[in-house]
Amino acid sequence: MIKKKLVFSGVQPTGNLHLGNYLGAIKNFVALQKEMKCIYCVVDLHAITVFQKPHQLQENVLETVASFLATGLDPNKSILFNQSSVSGHAELAWILNCVSRIGWLNRMTQFKDKAGSEKEKASVGLYIYPNLMAADILLYKATHVPVGADQKQHLELSRDIAQKFNNDFNCKNFFPMPEPLIPKNVSRIMSLRDGTKKMSKSEDSDYSRINLKDSADEIIKKIKKAKSDSEQIPDNLKSLEKKPEALNLINIYSEITKNSLDKVLNEMSGKEYSFLKTKLSEVLINEVTPIGKEIKKLLGDKVYLGQILKKGREKANIIAEENLKNIREKVGLI
Ligand code: AMP
Ligand code: TRP
C-alpha cells in the first residue's frame, strides 16, 4: 500500500512568535507546502492548559494566523485553522487518553519543566497535553510532523499511542507512524542571554529573544546586548563547545545566510564578536522585519483573518469527520 504523505503541525497561540519558532519550525512549514499536502493548526486547546486571559487568547490566535501568512504559508495550498473549531481533536484526545499509559506520561520532560516544583497545582490538562498532541496528528492520519527538537519526545509518545491503538483494536497500519521532521542545525535556537536555555516566549527578559515583530532598532539592541565571548572567534567548532552563547549566534548567522558553519568560521576567525554581531543584525533585519511589517498589516484586517480560519476549519473538519467515523467504529462506539 502506498501511504499518502500528509504534513501536520501546531503552534500555540501564547504571544509573540520568535526566531526559534521561525527557524525551528515555521520556515520548514513554508518549504513543505511545495511538496506535500499540509495542515497547520493554531493549537488554542493546548494553550489553555496554562491559564490564558480569554480576550488575550482570541487576539493571540489571530496574531498566530497572521504570522503564518506573513512567513509565506498559502491558505490556498495548505489548511490553516484553529484547533478548538474542529471538535474531533477533543473527541479523539479522550479516546487516546484511554489508550495512553500513565507511566508514559510520567516520563515527559516538558511537563516536569513546566510544572516545576508545583506539580500538584498544575492543571490535569497540562499533564495529558501530549495525548491531545497525538490526537491532533492522528485525527488526520498525518505522516510527517515538522517541529523543533523540544517536541521530539512528544512525537515519540504519539507513535507509541498509534502503535498501541493499532494493536489493541487489531487494525495493523490503521494509524500511520508519524515521522518527525526536525531541522539539523536550528532545531534548538538558544536564549540570547543564556546559551543553555532554549529561546522561549515565556522567558521574562525580552532581550533573550528576537520576536518576529521586532523593529530594526530592537534587533540591533538585542544582538548588541547578547552574550557572546571575550576571546576572538575561533577557526573551528570544537573551540565553541563550551561557549553555547557564541555558538548560538554563529549558528543563527549560518542558517540565515545559508552558509555552512565551517564557511562562517573561515570568514570570521580571528575577528571580535562585535564584527559578527554587526553582520548578524543586518541579515536578521533583512529576514525578520518584512515579516513583522506584514503581521502588523494583516492584523489590521481581522475579518480577513477570520475568513481564513473559517475556510480552513471547513476543510479540516471534512478530513477529521471521515477519519473519526472509522475510529469510532474500531473502538466500538455507536
Ligand atoms: P510553541 O510556540 O511552543 O507552540 O512552538 C512552536 C514550534 O516552534 C514547535 O515546533 C517548537 O518545537 C518550535 N520551537 C519553539 N521554540 C524553539 C526554539 N527555541 N528553537 C527551535 N524551535 C523552537
Ligand atoms: N506541542 C507543540 C508545541 O508546544 C504544539 C503542538 C500541538 C503540535 N499539537 C501538535 C506540534 C501536533 C506538532 C503536531 O510546540
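Predicted model: local features only at pLDDT ≥ 70, side-chain atom pairs only at ≥ 80, totals over all residues.
Residues are numbered from 1 along each chain as written, chains are lettered from A and ligands numbered from 1 in the order written, and side-chain values use heavy atoms, leaving out hydrogens and water.

Now to ligand 2. One of its oxygen atoms is 2.8 Å from an N or O atom in the Y129 side chain. On the nitrogen side, a polar side-chain atom of D136 lies 2.7 Å from a nitrogen of ligand 2, and one of Q151 lies 3.0 Å from a nitrogen of the ligand. The protein covers 91% of the 370 Å² of accessible area that ligand 2 has on its own (Shrake-Rupley, 1.4 Å probe).

## Ligand 2: the shell

There are 13 residues around ligand 2 (a heavy atom within 4 Å), and Q12, Y129, M133, D136 and Q151 come nearest. By class, they split into 7 nonpolar, 5 polar and 1 charged; Ala, Val, Leu, Ile, Met, Phe, Trp, Tyr, Cys and Pro count as nonpolar, Asp, Glu, Lys and Arg as charged, and the others, Gly among them, as polar. Helix α7 gives the most to this shell, with 4 residues; helices are DSSP runs of H or I with at least four residues, and strands are E runs of at least two, numbered from the N terminus.

## Ligand 1

Around ligand 1 there are 18 residues, and the closest are Q12, G148, D150, I189 and K201. Backbone polar atoms take part: G148 has one 2.8 Å from an oxygen of ligand 1, and G20 has one 3.2 Å from a nitrogen of the ligand. Taken alone, ligand 1 exposes 490 Å², and the protein buries 92% of that.

Which helix gives the most to the shell around ligand 1? That's α1 (residues 19-32), with 4 residues. The shell of ligand 1 divides into 6 nonpolar, 8 polar and 4 charged residues.

Terms used. Polar contact = N/O pair within 3.5 Å; in protein donor to acceptor, adjacent residues only side chain to side chain.
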